[in-house]
Amino acid sequence: YITRDAFISQIEDLMHRTRGCELPGSFNPMVVADLFLEQCRPWEAIARRHVENVWDAAFRFVKLVVAHVADESTAKALQYEVFEPAMNGVLQTMRDKTKELLTPHQHSHPITYNHYLTETLQKVRRERGQNERERILCRFFGVDSLQSWHSDDEYDLRRLADSLAESGEPDMGRYAASEALDCLNAYYKVALKRFIDDLAVQVIEAKLISALDRILHPVSICQMLDEQVARIAGESEETRTEREQLNKQLEVLRNGLETCKRFVGFRISGGKNW
């Protein structure tokens with residue numbers, strides 16, 4: 001966390017190091033670009049973590065659905081043969097799209113045609129001016145708040161008017177830094193809203209949600225190779241081995257049954273002769 005005054009001091013230092021031909025009290029627009037690039041630097045890590053968390057939740061949901069509608073062996077085969085490769089590809093696509101959306105913010109100068117920038121900038125300056133005027137009024141009347149106040153004293157309103165008129169920033173460099181900070185705050189809000197919308201629509205919805213429907217789409221199933229279908233729907237190696245063992249045991253039992261039948265028949269026939 002950094003206070004506004006401390007941040008303005010940092011901006012003053014940046015403007016001093018990058019000063020061009022601008023007039024006193026104004027600032028180079030590229031200062032806003034440098035400040036924005038610094039402030040949006042955490043976006044990449046936050047966006048990547050969010051994308052991976054959403055992808056992980058979707059993958060766990062798919063696993064639960066497959067485990068619910070299929071037997072254990074078929075569910076494992078579907079996850080290994082179909083869903084894991086498909087979801088890994090989806091994750092890589094989401095990462096690539098996220099990087100694409102971040103590129104204009106990380107490597108280009110600020111640009112927008114959204115009128116919200118002007119509205120936000122005016123609102124920021126209006127609120128800051130109002131706070132400054134309230135501070136002057138409270139100091140003039142000797143009160144802590146302007147919420148409710150009544151007094152029978154007489155005041156020199158001319159002095160109050162002079163105080164309000166002189167409430168501006170006398171330091172031209174600091175004034176320019178303050179204006180640059182206001183522009184940065186306004187543009188940051190516009191850019192952040194746009195990036196959040198783009199991430200939700202173009203990454204989560206377009207690259208993840210819409211892809212889930214295509215993984216086991218009938219067309220995708222028809223395009224599967226015979227070997228892949230056999231690995232999914234056919235018997236597993238464990239099942240075949242178990243079946244062979246059971247068949248051998250069954251054959252042994254049948255042979256034993258035939259032996260028992262012959263032995264019983266021999267005893268019965270032998271008893272009659274006796």
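**Salt bridges**

Reply: Arg-60 and Asp-56 form a salt bridge, with 3.1 Å between the closest N and O atoms. The model is a predicted one, in which local features need pLDDT of at least 70 and side-chain atom pairs count only at pLDDT 80 or more, while totals for chains, interfaces and linings use all residues. Residues are numbered from 1 along each chain as its sequence is written, and side-chain values use heavy atoms, with hydrogens and water left out.

Me: What is a salt bridge, and where do Arg-60 and Asp-56 lie?

Reply: Side chains of opposite charge can pair when their charged atoms come close. The term requires a side-chain nitrogen of Lys or Arg within 4 Å of a carboxyl oxygen of Asp or Glu. Both Arg-60 and Asp-56 belong to helix H3 (residues 43-69), where they are four residues apart, about one turn of the helix. Helices are DSSP runs of H or I with at least four residues, strands are runs of E with at least two, and both are numbered from the N terminus.

Me: Are Arg-60 and Asp-56 buried, partly exposed or exposed?

Reply: Buried means under 20% relative accessible area, exposed means over 50%, and partly exposed lies in between (1.4 Å probe, protein chains only). Arg-60 has 47% relative accessibility and therefore counts as partly exposed; Asp-56, at 34%, also counts as partly exposed.

Me: How many salt bridges does a search of the whole structure find?

Reply: The search finds nine salt bridges. Among them is the bridge of Asp-13 with Arg-17, whose closest N and O atoms are 3.1 Å apart. These two residues are four residues apart in helix H1 (residues 4-17), and so are separated by about one helical turn. Asp-13 is partly exposed at 42% relative accessibility, whereas Arg-17 is exposed at 56%. Another bridge joins the side chains of Glu-72 and Lys-76 at 3.4 Å, N to O. Glu-72 and Lys-76 are four residues apart in helix H4 (residues 72-107), again about one helical turn. Glu-72 is exposed at 58% relative accessibility, and Lys-76 is exposed with a relative accessible area of 53%. Salt bridges also link Asp-5, Glu-12 and Arg-174 in a network.

**Aromatic pairs**

Me: Why is the pair of Phe-36 and Tyr-187 edge-to-face?

Reply: The planes of Phe-36 and Tyr-187 stand at 75 degrees, with the ring centres 5.0 Å apart, so the pair is edge-to-face. Phe-36 lies in helix H2 (residues 29-39) and Tyr-187 in helix H7, so this pair ties together parts that are 151 residues apart in sequence. Phe-36 counts as buried at 2% relative accessibility, and Tyr-187 counts as buried at 6%. Ring pairs link Phe-36, Trp-43, Tyr-187, Tyr-188 and Phe-195 into a cluster.

**Surface patches**

Me: Which residues gather in the patch of positive charge on the surface?

Reply: Patches are made of residues with over 30% relative accessible area and no salt bridge, with like charges joined within 9 Å and nonpolar side chains (Val, Leu, Ile, Met, Phe, Trp, Tyr) within 5 Å. Lys and Arg count as positive and Asp and Glu as negative, while His and the chain ends are not counted. The place of a charge is NZ of Lys, CZ of Arg, CG of Asp or CD of Glu. Here the positive patch gathers Lys-123, Arg-126, Lys-189 and Lys-193. Helix H5 (116-141) and helix H7 (172-215) each supply at least two residues of this patch. Lys-193, in helix H7, is partly exposed, with a relative accessible area of 48%.

Me: Which residues form the nonpolar patch on the surface?

Reply: Accessible areas come from the Shrake-Rupley method with a 1.4 Å probe, and for residues only the protein chains shown count as cover. Phe-61, Val-65 and Val-69 form the nonpolar patch, with about 300 Å² of accessible area together. Phe-61 is placed in helix H3 and counts as exposed at 53% relative accessibility.

Technical notes
Rings of Phe, Tyr and Trp (its six-membered ring) pair if their centres lie within 6.5 Å; planes under 30 degrees apart count as stacked, over 60 as edge-to-face and the rest as tilted.
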